[in-house]
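Please study the sequence and the structure before working through the solutions.

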Amino acid sequence: MATGYVLILEDNVLAAMEIEDELLTRGHVARCATHLAEAEAMLDEQMPWVALLDVRLPDGVSHDLARRLQMAGCPLAFISGVDSGAIPDELRNYPRFPKPVGAWVIADWIDGCVTTAKDAAIDAEEGNFPA
């Protein structure tokens with residue numbers, strides 16, 4: 001089975017490290033990016049199983065990246081100090097964690113998403129598809 005990762009796009013390095021540490025203690029592979037360009041390069045290499053996106057970054061806003069993840073069927077959530085009105089209508093159905101938020105809260109959400117993604121990957125490898 002291919003190994004997936006959790007994408008953390010967060011320009012606050014300390015916050016990203018806190019989330020990454022919590023995910024690592026739970027057995028997840030996490031990759032951090034502080035700029036959109038870094039995150040885009042990661043997606044070009046491999047799509048994550050789950051993505052956590054800050055809205056405002058040094059090189060722009062993450063809306064287009066979120067749309068790309070949405071089109072790929074990747075679960076995603078926003079972590080941001082901005083008002084939910086800063087998120088476009090078509091992306092408002094995704095979870096939004098307001099800053100500050102405990103890394104364990106985010107990790108609990110990611111645990112559920114990764115478990116679902118792993119189960120789906122195993123089913124696909126074994127040829128078990130829903131009727």
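**Exercise 1: Glu10**

Glu10 counts as buried because its relative accessibility is 1%; buried means under 20% relative accessible area, exposed over 50%, and partly exposed in between (1.4 Å probe, protein chains only). The model is predicted: local features need pLDDT of at least 70, side-chain atom pairs count only at pLDDT 80 or more, and totals for chains, interfaces and linings use all residues. Residues are numbered from 1 along each chain as its sequence is written, and side-chain values use heavy atoms, with hydrogens and water left out.

Task: Determine where Glu10 lies and with which residue Glu10 forms a salt bridge.

Step 1. Glu10 is placed in the loop between strand 1 (6–9) and helix 1 (13–25); helices (H or I, at least four residues) and strands (E, at least two) are DSSP runs, numbered from the N terminus.

Step 2. A salt bridge is a side-chain nitrogen of Lys or Arg within 4 Å of a carboxyl oxygen of Asp or Glu. Glu10 forms one with Lys99, with the closest N and O atoms 3.1 Å apart. Lys99 lies in the loop between strand 7 (96–98) and helix 4 (103–126), so the pair ties together parts 89 residues apart in sequence.

Step 3. Lys99 is partly exposed, at a relative accessible area of 34%.

**Exercise 2: Glu45**

Task: State which residue pairs with Glu45 in a salt bridge, and whether Glu45 is buried or exposed.

Step 1. The partner of Glu45 is Arg31, the closest N and O atoms being 3.3 Å apart. Glu45 belongs to helix 2 (residues 36–45) and Arg31 to strand 2, 14 residues apart.

Step 2. Glu45 is exposed, at 61% relative accessibility, whereas Arg31 is partly exposed, at 26%.
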